[in-house]
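Please keep the sequence and the structure at hand while reading.

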There are 2 protein chains.
Amino acid sequence: MLLNIDEIAKLSGVSRTTVSRYLNGGYVGQEKKEKIKQVIEKTGYRPSSYAQTLRTNRTRQVGVILPKINSDSISEMVEGISSVLTKAGYFMLLANTANDENAELSYLDLFSRNKVDGIILIGTILTPAHKKAFEALSVPIVVAAQQAENTSCVYYDDYGAAKAVTELLLQKSKCPAYIGVREDDKAAGLERKRGFRAALSENGLIYRESYCTTASFNMQSGYERAEELFNHHKEIDALFCATDRIAAGAMLYLKQSGRRIPEDVKVAGVGDGKLCLLTTPTLTSAHLYYYECGSKSAEILLRHLSGDKIVQQIRLGFTVEKRQSTE
Amino acid sequence: MLLNIDEIAKLSGVSRTTVSRYLNGGYVGQEKKEKIKQVIEKTGYRPSSYAQTLRTNRTRQVGVILPKINSDSISEMVEGISSVLTKAGYFMLLANTANDENAELSYLDLFSRNKVDGIILIGTILTPAHKKAFEALSVPIVVAAQQAENTSCVYYDDYGAAKAVTELLLQKSKCPAYIGVREDDKAAGLERKRGFRAALSENGLIYRESYCTTASFNMQSGYERAEELFNHHKEIDALFCATDRIAAGAMLYLKQSGRRIPEDVKVAGVGDGKLCLLTTPTLTSAHLYYYECGSKSAEILLRHLSGDKIVQQIRLGFTVEKRQSTE
DNA sequence: CAGATTTGTGGAAACGATTCCACATAAAAA
DNA sequence: TTTTTATGTGGAATCGTTTCCACAAATCTG
């Protein structure tokens, strides 16, 4: 059975135009309104969103580009995005780049052309190519989790969070070390390291390159980097890690090598993921409001979609969650 | 600048028809082919997917309906789905039901009408209403993580996994208890409990209702249920939990109440999430191949999309990962 | 009471593609 | 040479909406 607007019009005894007006809230007489309503309910008619898009140029879809979905922080952000978009009647088109930078750029282009009304990009590494791509975009974009020039974004106070956590460590430590991540990730890499260094210098401690190392975003790597650090520097009495997962790996090494946490070495991370409560001892970390980052990003995008051109950059606060690993 | 197929046709000195054929691989002369290619490259033209859909009735989009995204198992499945769909040139439209059953049904209807070519439903609770909705669907569907009557699905051997893990516990236990989840979740609730009971009876042990309880899908709940169980039954020497997270909560209680794991109580879960390596001691669990469940679901859906009507039901195997909590 | 305004309706032209035809032309087969 | 086949091409209809426009009737102004 063919079920289009003409069919509904015929069954209701009105023109196609009137049905369309009924659907979009224009002038329609009371009786015709009733009749159309009945017909639509009986037939279960739903207008073709594709025809609507073709005519109006509005897709009611938002593209979400992300490096991977099975990550605590990212899935939490997506949950936040989803909650806001759903309420506003938008759907989420997911593009998983699997950490491939070129994929990211080509999705930007593809989405921008005709697939979506707006884009949320969960950023990891932003290159000059990204900046250029943003400018070429024909739909609004919001960057989440990284700061971006001249572009709306919602990001974390990575610097502040790292500094605060480090300061907490320094209350009972004289010789802290750092395990970070690649610095082309500005937020998790560069800013958190800056925070660590700032805390050191403000407390009159000298930053030493040899107490700092770089890991990948996983436990295994945290374990290995910790092993290296402590093999060379037995004097280290505190360890700040750029992510909780790295911290968990490091803790595993510490315990296996017979060190007590927090008595011999204090440990802290950033992110305050669920895993902080799973480790023994529980892990001190800075809470980063992933969900809120997602929902705020979506809210800003919605504002752009309704015509607001003003670029907004939101830096979210953090909370230090003190737990056993630094007691 | 207006950039549609007519514009390309004009610039290339051919008809709109020929451009369309160029795009879709029909008869086009060599010179015209070259010319069109040039023009498209220069202009950066990309056909409107919405116009294409309107005409051809193919959206190249797949709807994925899920209860929540920020869960280890589900985000892993989505990653699997995504990897297969992306390769096949499909996009993923995400619908997050936030565990609302009505939302699930209404998304099924909405998607089916005109939004997507096919649907993957990550199932938790399947009611008769679902069965009816599946039959009314106008696009193919694949159910992931639950078995579904007369419908293609990919699900886990929850029964077998639970039984195998329980049997492992029984090698060194005489008095095992069980913390499960709501049984209207057939897979994680009913089947895993069945597996537990089967292992008991095959080992000549009597199943006792008072050694079994039901928790929610989180740590907190696992902690509380464990507390209740052990308050009433000091004799329990092994604990099988329907999910890793519940097991982690239970372990927390056990340790806090001064019990040693595995010496006093052995513990095991199901799912083999990343958290199994984080707990102390590490947690024995059955690995459930979430990623593969997602990718297989997507593969079956693709087969349906290319015309294959045969219903396929795949039950995935499992692996028992022995760790310290049962040693 | 004439004119302006509000309220209600339908015809027809878009939006941007695909595809059924009809029709050429050139090469191969009879 | 004539007929068939393969190869190329364009015209026009179509998919299902929205929206501009013209117009009519009813209500409100002054």
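Met92(A) has Leu94(B), a residue of β2(B), as its bridge partner. The two strands concerned, β2(A) and β2(B) (residues 91-96), run antiparallel and are joined by three bridges. The model is predicted, and the points below are grouped by topic.

**The interface of chain A and chain B**

- The contact draws on 43 residues of chain A and 43 residues of chain B.
- About 4200 Å² is buried between chain A and chain B, and 55% of that area lies on carbon and sulfur atoms.
- Tyr50(A), Phe91(A) and Leu278(A) account for 20% of the area that chain A buries against chain B, more than any other three residues.
- Polar contacts across the interface number 27 residue pairs, with both residues at pLDDT 80 or more.
- On the side of chain A that touches chain B, two or more residues come from each of α4 (49-56), α5 (72-87), β2 (91-96), α6 (101-115) and α11 (244-256) of chain A.
- That side of chain A is made up of 18 nonpolar, 14 polar and eleven charged residues.

**Salt bridges between the chains**

- Two salt bridges are counted between chain A and chain B.
- Asp109(A) pairs with Arg46(B) in a salt bridge, with the closest N and O atoms 2.5 Å apart.

**Salt bridges within a chain**

- Over all chains, the whole structure holds 32 salt bridges.
- Arg323(A) and Asp272(A) form a salt bridge through their side chains, at 2.9 Å from N to O.
- Arg323(A) sits in the segment after β12 (319-321) of chain A and Asp272(A) in the loop between β9 (266-271) and β10 (284-287) of chain A, so this pair ties together parts 51 residues apart in sequence.
- Arg323(A) and Asp272(A) are both buried.
- In chain B, the side chains of Arg192(B) and Asp158(B) make a salt bridge of 2.8 Å, N to O.
- Arg192(B) belongs to helix α9 (residues 186-202) and Asp158(B) to helix α8 (residues 158-170) of chain B, so the pair links parts that are 34 residues apart in sequence.
- Both Arg192(B) and Asp158(B) are buried.
- A further salt bridge joins the side chains of Arg225(B) and Glu224(B), at 3.8 Å from N to O.
- Arg225(B) counts as buried because its relative accessibility is 17%, whereas Glu224(B), at 30%, counts as partly exposed.

**A network**

- Arg46(A), Asp109(B) and Arg113(B) are joined into one network by salt bridges that share partners.

Notes. Residues are numbered from 1 along each chain as its sequence is written. Chains are lettered from A and ligands numbered from 1 in the order in which they are written. This is a predicted model: local features need pLDDT of at least 70, side-chain atom pairs count only at pLDDT 80 or more; totals for chains, interfaces and linings use all residues. Side-chain values use heavy atoms; hydrogens and water are left out. Contact means heavy atoms within 4.5 Å. Buried area is the accessible area (1.4 Å probe) that two parts lose on being put together, summed over both. A salt bridge is a side-chain nitrogen of Lys or Arg within 4 Å of a carboxyl oxygen of Asp or Glu. A polar contact is a pair of N or O atoms within 3.5 Å; within protein, one must be able to donate a hydrogen and the other to accept it, and residues adjacent in sequence count only if both atoms are side-chain atoms. Helices (H or I, at least four residues) and strands (E, at least two) are DSSP runs, numbered from the N terminus. Ala, Val, Leu, Ile, Met, Phe, Trp, Tyr, Cys and Pro count as nonpolar, Asp, Glu, Lys and Arg as charged, and the others, Gly among them, as polar. Two strands pair if DSSP finds at least two bridges between them. Buried means under 20% relative accessible area, exposed over 50%, partly exposed in between (1.4 Å probe, protein chains only).
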